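This report describes a predicted model.

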Amino acid sequence: MTSLTQGTVKAGPSKRFFVSMMTRDIDLKDAILDLLDNCVDGIQRKLKGVEANEKPYNEFWAKITATPSGFKIEDNCAGIPRKVAEESAFMLGRPLGEIDEDLHTVGMYGIGMKRAIFKMGKSCIVYSNPYEEEQAFEVKISPEWMENELWELPISYGVERSSNFGTTLSVGDLYESIARNFDTDDSGFLEDLAAAISQFYAVIMGKGFAVFLNGKLISPVDLTLLSPIGLTGSIAPYVFSANIDEVEIELVVGFRRQLASESELEREADQPRSSEDAGWTVICNDRVVLYNDKGPLTGWGRGNVPKYHTQFISISGVTIFRSAKLLHLPLTTTKRGLDTDNKAYMTALDYMMEGLKKFTDYTNRWKGRENETTPAFSQTISVPATQAAASILQSDRMSSVRKLGSNVNARRFIPDLPYPEDKNPKRRIVYTRAVAEIELLSSHFFPGTPNTNIAPSDIGIRSFEKCLDIALLEIKK
Amino acid sequence: MSGADIPYQLRPNKHVERQLFWELLEHIDRFNSIRDAAYISMGGRFLEDFKQVHAKFGAKKLLSIESDFVVHERQVFNKPIGALICRKMTSGQLVTDFESITDELQATNYIVWLDYASSKDRLAQLGEFESLVKKLAPGDIVKITMNASLRTLGELKAGETQESFQKRAFIRLKAKLGNYFPASAGFDHTKITGDGVPEIIMLAIKNAALDGISSSSNVSVKPLAAFLYNDGFHDMLTVTCVLLDKSKQDDFIGATRLDNWEFAASDWSKPIKIFIPDLSLKERVTIDGKLFGKSVDEIHSELTFSFDENRETSFDIFKNYVTHYRRYPGFFRVGT
């Protein structure tokens, strides 16, 4: 019998995996957005979660400079605290217990900054001038470090302090493909990046945060919906709110514009334009994670909801998840898309579908008669989607949701959208006449057929038709 | 032709299925009072099920939906009880506006029956079913009837092999069921048989039901009864489910004693077939007069007629009659 011996096998991480492989799961745009997320999380930490007014981020900015020779992102968002830099900021993955408590941040996994650096180039300098601390510092990542298996990085304290409390991250030795992306003569990437920032940072920029790309201020997209003027109009959005698993959910869906006419839909089919603005936008702690989505993730084509089609060009919705418990949010590591197993998301999805169905039904029922809806739409005004929701949430029109009970504080408002009458509605006419008169008409309408073979209802139908003919003739005269 | 045109009373299989549904509700009544529940279905011209649910349980929150103008008009005329609301609306509208209906009826629980006859819109039907389940709360009952006829998948063409037809029909059924098709069941074209198609559709119903509760981690959806019967022309599948708070599952079984009901569905795998013969009064009196005096085998042997040229099939049909003889409709052709 052989004796048992004990040993170990290597099960640790390989740096090559992080440097080469992890970067494949994210595209360049999202990697840069991750860096912007870190800026915003810095603001949250500085403000300690207190948002005193509608523009709490007014003083804060991030400036991105992206050229073929290098990438830089500089902000005044309080910087990386020394302790955080020494103990966790440069680790690959956030240690347990390091998640911000009671703050509505989005940096949850602790990989965004490193992944972005590895994605773009072989060297990097991270400079931090932390708020309420005595020294600025600098951490350097060299091309050699990228190749070896050492897991520590050199940090230099006492470097010159800049005029702002913030962080500057400069990536050098850019990979060839990245440098090409940053060359405006060779690539449209920076245009796409600007568009992505305007979409995915719409809420955050709406709160006052300024983002510059190569010196140009980027303006946020508008997320608007039609709201009834004075709450009396019939075209109003559907609103749902609840608190599931420590996540506040608020969703609103409705029309962002009047129904499209058939000719517009034909043009749209040739050259889709307006459709880009339709669909669901999903926001986690102010960060847009899905912009104008028209797929099953947001309820399109699921259950009794039809798949997206250009005829639904006017429908738009916004779902907002907010939580101080980051891991309870339906965020993925790339912050693009949603964690579909998340409890708050799954609940929200049911009501996103319920709301969406009201507006697809409305669109379908008015198909071909869109111009008749103009009076109803004229009683609406375009407002920010959150404002459209707020005006209903603050009214007494929200009602409880039977299925969810009261412990999750679920409430919703279902608009009573006006439906058209049947195109050719029918009504029943019943009347009684003397048998002799019926027989007279029977002989008149059906000569040669015995009266007993003709049902009184047939006489009634024929009489009505004759009378209608006479009326139509007289009207024509 | 659809079974809907044949008067309800003359469809013995359907009649038996209805009787079994009332028996099921009697069991459920021990857990949640049916009297306090709202009953919503597509009552047809004569609203027969509403008469029953009112007479048996005293339910007064009753809503019949009907999309056909003519049938709706007859419903209004035939309305058996003043409390019954006969509303002209489609099943799709019912599901979309379900929350307004619950606001209107204000019942503790809901029993909703989506009675689909057409085989054309199975995907839409399952979508409506899923969306309805999403809106139901624990304790609610939902029943769905779907056309599960093999014949709705096409017919064998001249010169075509059975296998070729089955492959063609299998692809068609997969397309008709869309994302509800039970992909993990490992079915292939050999499942395209009279018994196999209902099993596939039953699992599609399961998938729709599970999608319906996906957001409610503390709620389960359980099949309570599943039957397959011929409606004169088509094979119809009915599945009744309950939504339950997971913590109350044992209470439900304990109170309803459904584990002792021989027609209870234990899982989603297979419906119970109802295929009783169409009997004359004389045949029925003859058979009933011998029941429990002799064995089923003996009675069948003594009959001077059979129900099928195949002896074994005839005996199966006969046994099915014996199972349900108490539920057999009391309507007979008068005369020759």
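## Contact between chains A and B

In this predicted model, the contact draws 19 residues from chain B and 16 residues from chain A. On the side of chain B that touches chain A, the elements giving two or more residues are helix 3 (69–78), helix 4 (91–96), helix 5 (98–105) and helix 6 (122–135) of chain B. Helix 6 of chain B provides the largest share of that side, with six residues.

Sorted by class, the side of chain B that touches chain A comprises four nonpolar, nine polar and six charged residues.

## Helix 7 of chain A

Helix 7 of chain A covers residues 189–200 and has twelve residues.

Four positions of helix 7 of chain A are buried: Leu193(A), Ala196(A), Ile197(A) and Phe200(A). Viewed down the axis of helix 7 of chain A, these buried residues fall within an arc of 100 degrees, and therefore line one face of the helix. Their packing partners are helix 2 (28–47), strand 7 (210–213) and strand 13 (287–293) of chain A.

## Domains of chain A

The domain assignment divides chain A into domain 1 (19–217), domain 2 (224–413) and domain 3 (435–476). Between the C-alpha centres of domain 2 of chain A and domain 3 of chain A, the distance is 55 Å.

How values were computed: Residues are numbered from 1 along each chain as its sequence is written. Chains are lettered from A and ligands numbered from 1 in the order in which they are written. This is a predicted model: local features need pLDDT of at least 70, side-chain atom pairs count only at pLDDT 80 or more; totals for chains, interfaces and linings use all residues. Domain bounds come from an automatic or database domain assignment. Two residues are in contact if their C-beta atoms, placed from the backbone, lie within 7 Å. Ala, Val, Leu, Ile, Met, Phe, Trp, Tyr, Cys and Pro count as nonpolar, Asp, Glu, Lys and Arg as charged, and the others, Gly among them, as polar. The expected span of a helix is 1.5 Å times one less than its number of residues. A residue is buried if 20 or more other C-beta atoms lie within 10 Å of its own, exposed if 12 or fewer, and partly exposed in between; C-beta atoms are placed from the backbone. The arc is that of the directions from the helix axis to the C-beta atoms.
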